Amino acid sequence: MAIIQETVEVDVPVRTAYDQWTQFEDFPRFMENVEQVQQIDATTLAWRASIAGVEKRWQARITEQVPDRRIAWTSIDGARNDGTVTFNSEGADRTRVTLQLQVEPDGPVESAGTALGLVRQSVHGDLQRFRDFIEARGSETNAWRGEIHDGSETSRTSGSPEPVATTYGLGGPAEPGGIPGLHSTRTRS
């Protein structure tokens, strides 16, 4: 298993950077190889990506989520992908975002790509694009302020609405190549 760690500093408050990262369905806007992320429930994500020209699908479970501090996940099926992203305030309007991934290459093409640093280069680029995305906007597209511990939602920040069934337009029945039938119940505030 390859371990990759990259860091970027962004010129937004820690809350803004964290809140944007909770909007998983927006990941294709700044993650080069990610084609689709769909929120299934408060802790489960369905991913579709193109890695070395090969489509990969997997589901991941959020194991820990603490507002403005940390999000951790592990894959539960499909391509192996575990990770953690942390958010550290570097002042009122600056945040250090550190992403650590553990990926298991599948086959000789992906193993060679990992050995050559292609995965690390992709992660580095994704963080740079995240920085450019959030700095250009100046604010998050939305937010989720709940907490998850040991893979279960344990609390919500005061004022968070109750979950509502939502489809994020990432491959529902009317969109070819999507993951039909998956819906989100993740609270959006």
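I began with the largest nonpolar core: of its 36 residues, Trp-21, Phe-27, Trp-47, Phe-87 and Val-97 touch the most other members. Helix 3 gives the most to this core, five residues. I took a nonpolar core as a set of buried Ala, Val, Leu, Ile, Met, Phe, Trp, Tyr and Cys residues joined through side-chain atoms within 4.5 Å. Buried means under 20% relative accessible area, exposed over 50%, partly exposed in between, with a 1.4 Å probe and protein chains only. In soluble globular proteins, nonpolar side chains tend to be buried together.

I noted the ground rules. The model is predicted, so local features need pLDDT of at least 70 and side-chain atom pairs count only at pLDDT 80 or more, while totals for chains, interfaces and linings use all residues. Residues are numbered from 1 along each chain as its sequence is written, and side-chain values use heavy atoms, with hydrogens and water left out.

**Whole chain**

I counted three helices and nine strands in the protein chain. These are DSSP runs numbered from the N terminus: helices are H or I with at least four residues, strands are E with at least two. Along the sequence the pattern reads β-α-β-β-β-β-β-β-α-α-β-β. Of the 189 residues, 47% count as buried. I also looked up contacts, meaning heavy atoms within 4.5 Å. Among those between residues at least 6 apart in sequence, 55% join residues at least 24 apart.

**Trp-21 and its rings**

I went back to Trp-21. Its relative accessible area is 2%, so Trp-21 is buried. Leaving aside neighbours within four places in sequence, its contacts include Phe-27, Met-31, Ile-71, Leu-99 and Leu-127. Phe-87 is also in contact with Trp-21, and Phe-87 is buried at 3% relative accessibility.

I then checked ring pairs. Rings of Phe, Tyr and Trp (its six-membered ring) pair if their centres lie within 6.5 Å; planes under 30 degrees apart are stacked, over 60 edge-to-face, and the rest tilted. The count comes to eleven aromatic pairs. Trp-21 and Phe-87 are edge-to-face because their ring centres are 6.4 Å apart and their planes stand at 70°. This pair links distant parts of the chain: Trp-21 sits in helix 1 and Phe-87 in strand 6 (residues 81-89), 66 residues apart. Both belong to one aromatic cluster, with Tyr-18, Phe-24, Trp-58 and Phe-133 also among its members.

**Helix 3**

I turned to helix 3, residues 118-137. Its 20 residues reach 28 Å from first C-alpha to last, close to the 28 Å expected at 1.5 Å a residue. The expected span is 1.5 Å times one less than the number of residues. Its buried residues include Asp-126, Leu-127, Gln-128, Phe-130 and Phe-133. The buried residues of helix 3 pack against strand 1 (2-10), helix 1 (14-21) and strand 7 (95-103). Just after helix 3, Gly-138 takes a positive phi of about 80°.

**Asp-26**

I found Asp-26 in the loop between helix 1 and strand 2 (34-41). Asp-26 is buried, at 10% relative accessible area. Not counting residues up to four places away in sequence, Asp-26 touches Gln-20 and Thr-141.

**Strands 8 and 9**

I ended at strand 8 (residues 147-149) and strand 9 (residues 152-155), which run antiparallel and are joined by three bridges. Two strands pair if DSSP finds at least two bridges between them. His-149 has Ser-152 of strand 9 as its bridge partner. The hairpin has two residues between the strands, and Asp-150 takes a positive phi near 55° there.
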